[in-house]
Amino acid sequence: MGWGDLGVYGEPSRETPNLDRVAAEGMLFPSFYSANPLCSPSRAALLTGRLPIRNGFYTTNAHAKNAYTPQEIVGGIPDSEHLLPELLREAGYASKIVGKWHLGHRPQFHPLRHGFDEWFGSPNCHFGPYDNKARPNIPVYRDWEMVGRYYEEFPINRETGEANLTQIYLQEALDFIKKQQAKARPFFLYWAIDATHAPVYASKPFLGTSQRGQYGDAMREIDDSVGRLLGLLRGLGIAERTFVFFTSDNGAALVSAPQHAGSNGPFLCGKQTTFEGGVREPALAWWPGHIPAGQVSHQLGSLMDLFTTSLALAGLKPPSNWTIDGLDLLPALLQGKLMDRPVFYYRGDTLMAVTLGQHKAHFWTWTNSWEEFRKGVDFCPGQNVSGVTTHTLEEHTKLPLIFHLGRDPGERFPLNFASTEYQEALGRIGPAVQQHQETLVPGEPQLNVCDPAVMNWAPPGCEKLGKCLKPALSAPEKCSWPH
Ligand SMILES: *[C@@H]1O[C@H](CO)[C@@H](O)[C@H](O)[C@H]1NC(C)=O
Ligand SMILES: *[C@@H]1O[C@H](CO)[C@@H](O)[C@H](O)[C@H]1NC(C)=O
């Protein structure tokens, strides 16, 4: 989902009344960032409070390449990481993930091995359908066991875009909340729906109802579901005791435009890039009676802050001697304070850019290779900023390109190198980067090795469904990521 996909963020069709109401009753962050322009690393960062370069969700196979967890990935979330649900358990929280996990699919990476009490969803995205020979269809799990596969027990009609998954995920979430409430147990629900990921889908009542096409149908169903979730919290009388945050793991994937892609508003490019469109997210916080209604916070926020903020809400602290990149946002949420902090933009193992205050410095620029681009893969359709949206990986480490994001949110007008503003901005950003790089201890890279034999051929539960498949013969190899 992109920054520009919500009515309250200026989407012209105004089709998100429930999310707009969340903003009216809570706080909107115009400058909130995912931890990465890609799904898996961003989600690993959300749940660990740490940059992907620290928690291992990157590749060293090729400079500045984005990597994630396809079915044949060998790595996943290391045991040494402390995940949010694992820590919340100490304060008595029950935790459930509904939807996409994306932190590794092999048994040692299972969400229930990393702090969640319940799971309904899938380890990967809903790509497919596959032939179950070279590549299996993605399994859907309930807790430890597979209960079916996408395109089989969980149909997604690629022609009409019809699928009932958002409704199923909604019901799972509603049931979980009711169950915890009946036990008076505090809960953490990670509602990781993926209907806006291509191929986008919606259930029948929403299909064809948006002015924006299929992507808008998916948005409308998500919006409606958010309304129903918050309605349940109100109905149960726990709205004032429940902190809700809505955001996304990367900008809209413009590569799927126009039918299957959202909007990144005024920002440059989309998913996969470290331009604002790849990482700046819609972000809404809601906690009636605590967060004053209708506020806008100019705090620079990060997905990783949700880790630290959630711990603070539960009266917990991050483990000591452990580097956390997330900030506790409660001073911003409750008292309207602003905290100075850098935002680091990585692609794989490469620090591409940094924002501090209103200034963003690019040390490297790249969209994708000419080779990919000529094949029609475009991360910035209709946008070409000369010397900025480059198709070769351009180094600017000595003299970064600096933009003022307030005056120039679209990153179109780099500051003049000779200007006082440039010199002053560089004078502040330089030391922040130096400090970050000098103290950085990169994690063991998890996204380097692929092996078709580790794909989910026969997950636990497959025998009950008669759906155990035979792995393709293969040997581990370096994962090859697109250029
Ligand atoms: C969605 O659920 C409805 C009602 O149960 C059913 O008629 C329809 O076939 C389902 N659609 C898909 C794509 O699973
Ligand atoms: C973008 O514009 C520059 C300068 O006009 C040009 O050299 C370059 O080929 C353009 N790139 C694309 C992808 O069109």
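Arg 212 is buried in this predicted model. Its relative accessible area is 19%. Buried means under 20%, so Arg 212 falls inside that class. Look for Arg 212 in the loop between strand 7 (187–192) and helix 6 (214–235). Its side chain has a polar partner: the side chain of Glu 11, at 3.2 Å.

Cys 39 is another buried residue, with a relative accessible area of 4%. Cys 39 lies in helix 2, which covers residues 39–48. An unreviewed UniProt entry annotates Cys 39 as "modified residue: 3-oxoalanine (Cys)".

The UniProt record also marks glycosylation sites. Which residues does the "glycosylation site" annotation cover? They are Asn 164 and Asn 384, again from an unreviewed entry. The two are spread over 221 residues of sequence. They are spread in space as well, with up to 38.1 Å between C-alpha atoms. Start with Asn 164. This residue is found in the loop between strand 6 (145–149) and helix 5 (165–182). Its relative accessibility is 42%, so Asn 164 counts as partly exposed. Now go to Asn 384. Its loop runs between helix 10 (370–374) and strand 17 (394–395). Is Asn 384 buried or exposed? Asn 384 counts as exposed, because its relative accessibility is 68% and the class begins over 50%. The side chain of Asn 384 also makes a polar contact, at 3.3 Å, with the side chain of Thr 389.

Next come the aromatic rings. A pair of rings is described by two things: the distance of the centres and the angle of the planes. How many aromatic pairs does the structure hold? There are 18. One of them joins Trp 3 and Phe 267. Their ring centres are 5.0 Å apart and their planes stand at 85°, so the pair is edge-to-face. The cut-off for that label is over 60 degrees. This pair links distant parts of the chain, 264 residues apart. Trp 3 sits in the segment before helix 1 (17–25). Phe 267 sits in the loop between strand 8 (244–246) and helix 7 (276–279). Both Trp 3 and Phe 267 are buried.

Tyr 68 and Trp 481 form a tilted aromatic pair. Here the distance is 5.7 Å centre to centre, with 55° between the planes. What about burial? Tyr 68 has 24% relative accessibility, so this residue counts as partly exposed. Trp 481 has a relative accessible area of 9%, so Trp 481 is buried.

Rings can also join into groups. Ring pairs link Phe 29, Phe 32, Phe 243, Phe 245 and Trp 287 into a cluster. The charged end of Arg 50 sits over the ring of Trp 322, 4.0 Å from the ring centre. Arg 135 lies over the face of Tyr 130, and there the distance to the ring centre is 5.8 Å.

Finally, turn to a sheet. Strands of a sheet pair through backbone hydrogen bonds, either parallel or antiparallel. The sheet to find is open and has four strands, in the order 13-14-15-18. Its pairing is antiparallel. Which strands form the edges? They are strand 13 (342–347) and strand 18 (401–404), and each pairs on one side only. Neighbouring strands are turned against each other by 20° on average, direction ignored.

Walk across this sheet from strand 13. Strand 13 is mostly covered, with five of its six residues buried. Six bridges join strand 13 to strand 14, and the two run antiparallel. Val 343 stands opposite Thr 355 in strand 14. Strands 13 and 14 form a hairpin with two residues between the strands. In that hairpin Gly 348 takes a positive phi near 55°. The next step leads from strand 14 (residues 350–356) to strand 15 (residues 359–362). Four bridges hold this antiparallel pairing. Follow Leu 356 across: its bridge partner in strand 15 is His 359.

Methods. Residues numbered from 1 in each chain as written. Chains lettered and ligands numbered in written order. Predicted model: local features only at pLDDT ≥ 70, side-chain atom pairs only at ≥ 80, totals over all residues. Heavy atoms only, no water. Phe/Tyr/Trp six-rings, centres within 6.5 Å; stacked < 30°, edge-to-face > 60°. Buried < 20%, exposed > 50% of the residue type's maximum accessible area, 1.4 Å probe, protein only. Lys NZ or Arg CZ within 6 Å of the ring centre and 35° of its normal. UniProt positions renumbered as here; feature names shortened; annotations may be inferred. Polar contact = N/O pair within 3.5 Å; in protein donor to acceptor, adjacent residues only side chain to side chain. Pairing = 2+ DSSP bridges. Axes fitted to C-alpha atoms, helices over the stretch in contact; angles between N-to-C directions.
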